[in-house]
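This report walks through one protein chain, part by part. Keep the sequence and the 3D view open as you read.

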Amino acid sequence: MSLGSFIKKQFIDVLQWNEENDGVLAWRFPMQDFEIQNGAILNVRESQVALFVNEGKIADVFGPGTHKLTTNTLPLLTNLKNWDKLFDSPFKSDVYFFSTRVQTGRKWGTPQPITIRDADFDVIRVRAFGMYSYRVADARTFFTEISGTRDVYTRDDVEDQLRGILLATMATSLGSAKVAFLDMAANQALMAQQVKGDLYAAFARYGVGLDEFNVASVSLPEELQAALDERISAGMKGGLSGEKMSGFTQFQVASSIPLAAQNEGGLAGIGAGLGAGAMLGHAMAQGMSGSMIPQVPPAPTAPLQPPLAEIDPIEERLLKLKGLLDKGLISEDDYNSTKTELLRKLIG
């Protein structure tokens, strides 16, 4: 080193971090061409931790406060440098500051549905969204596991890592919890509590402390939600009583009419199907109610008639078709198309 360079060499008297930019979790004090003067002051604010690293090894960790740097205040660094007498000359060491403030309002979500086993629906895929907050809890672990020797390590950098941990932990937690989807949707706090415990341990491995975790919404993919809506509409949650079975039978019949209208023959044979469906629903309701309902002998019923197309005149079929429309069992389009077909046969 030339004499000029030696004279220009600067010594650091105060080390501190003003945190000028939000979202920075770790910051390395600029040490190039600088040395720390004996007796220099280290200022660590309430929301910070300072870490001294010497030749890649973590030496001393300082919490909030004002520290005068001497051999007494740097015991581990003094030992690493093998100073056999009082520390009275400048020294160089990397100094990292870490923000320990709680990072609030961080959003999380499942970009792809998570597949889990469910008590009610066997295997389903769920999406979930919510918010969480965290902080750097162990600067030593955070440095060695995540931030490393980079000059600046931001909130966005660490959250890329945390999202993967969060989703993997959530899938494991929900899969082993055996909490039904309906219970998750009705009580999101229950789901959050189940996941938070496992997530806390997963974050701690990287020196990150989980502060809060909540679930804002739980939902199914669109196709599964449509199937659930159909099941709810049919009244199939839990067991089916006689009344629920009757409602389910009506629901199934109403759902099948548009499909029947698309088949060859249109609605011609729907009368027989309605009669058979009503008898099936009545028989199942009676069987499920058991001895709780007094048994009443069924009224004599006429034998099932052959399809209307074989014995009913066209005029009578038109009247029955109008009755189905009035009861809301078929749509206006189904009624008009079938009526046109029947009138064509009548005129022809």
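Two strands count as paired if DSSP finds at least two bridges between them. Keep that rule in mind for the sheet below. One more point before starting: this is a predicted model.

## The five-stranded sheet

Start with an open sheet of five strands. Its order is β5-β4-β7-β2-β11, and the pairing is antiparallel. Two strands stand at the edges: β5 (57-62) and β11 (152-154). Each has a single partner strand, so one side of each is left without a neighbour in the sheet. From one strand to the next, the twist averages 20 degrees.

Now look at β2, residues 24-28. Three bridges join β2 to β7 (residues 94-99), and the two strands run antiparallel. Trp27 stands opposite Phe97 in β7. Arg28 faces Tyr96, also in β7. On the β11 side, β2 again pairs in the antiparallel sense, over three bridges. There, Ala26 has Tyr153 as its bridge partner. In a regular strand, side chains alternate between the two faces of the sheet.

## Helix α3 and its ends

Helix α3 spans residues 139-147. Which of its residues are buried? They are Ala139, Phe142, Phe143, Ile146 and Ser147. Seen down the axis of α3, these buried residues fall within an arc of 115 degrees, so they line one face of the helix. An α-helix has 3.6 residues a turn, so residues three or four places apart point the same way.

Both ends of α3 deserve a look. Asp138 caps the N-terminal end, with a side-chain oxygen 3.2 Å from the backbone nitrogen of Arg140. Just after α3 comes Gly148, which takes a positive phi of about 65 degrees.

## A buried charge without a salt bridge

Asp60 sits in strand β5. Asp60 is buried, yet it has no salt bridge. How far away is the nearest side chain of opposite charge? That side chain belongs to Arg140, and it is 7.1 Å away. The side chain of Asp60 does reach a backbone atom: the nitrogen of Leu77, at 3.1 Å.

## Salt bridges across the chain

The count of salt bridges comes to seven. One of them joins the side chains of Asp22 and Arg101, at 3.5 Å from N to O. Asp22 lies in the loop between β1 (10-15) and β2, and Arg101 in the loop between β7 and β8 (103-109), so the pair ties together parts that are 79 residues apart in sequence. Asp22 is exposed, at 59% relative accessibility. Arg101 is partly exposed, at 32%.

Arg28 forms a salt bridge with Asp151. Their closest N and O atoms are 2.2 Å apart. This pair links distant parts of the chain: Arg28 is in strand β2, Asp151 is in the loop between α3 and β11, and 123 residues separate them. Both partners are partly exposed, with Arg28 at 26% relative accessibility and Asp151 at 45%.

Glu159 and Arg106 also meet in a salt bridge, at 2.6 Å from N to O. Glu159 belongs to helix α4 (residues 155-177) and Arg106 to strand β8, 53 residues apart. Are these two buried or exposed? Glu159 is buried, with a relative accessible area of 3%. Arg106 counts as buried too, at 16%. Elsewhere, salt bridges that share partners join Glu19, Asp22 and Arg101 into one network.

## Two glutamates with positive phi

Most residues other than glycine have a negative phi. Glu19 has a positive phi of about 50 degrees, although it is not a glycine. Its place is in the loop between β1 and β2. Glu19 is buried, with a relative accessible area of 17%.

Glu55 also has a positive phi of about 50 degrees. Glu55 is found in the loop between β4 (48-54) and β5. What is its relative accessible area? The value is 76%, so Glu55 is exposed.

Note on methods:
Residues numbered from 1 in each chain as written. Predicted model: local features only at pLDDT ≥ 70, side-chain atom pairs only at ≥ 80, totals over all residues. Heavy atoms only, no water. Helix = DSSP H or I, 4+ residues; strand = E, 2+ residues; numbered from the N terminus. Axes fitted to C-alpha atoms, helices over the stretch in contact; angles between N-to-C directions. Buried < 20%, exposed > 50% of the residue type's maximum accessible area, 1.4 Å probe, protein only. Arc of directions from axis to C-beta. Polar contact = N/O pair within 3.5 Å; in protein donor to acceptor, adjacent residues only side chain to side chain. Lys, Arg positive; Asp, Glu negative; His and termini not counted. Salt bridge = Lys/Arg side-chain N within 4 Å of Asp/Glu carboxyl O.
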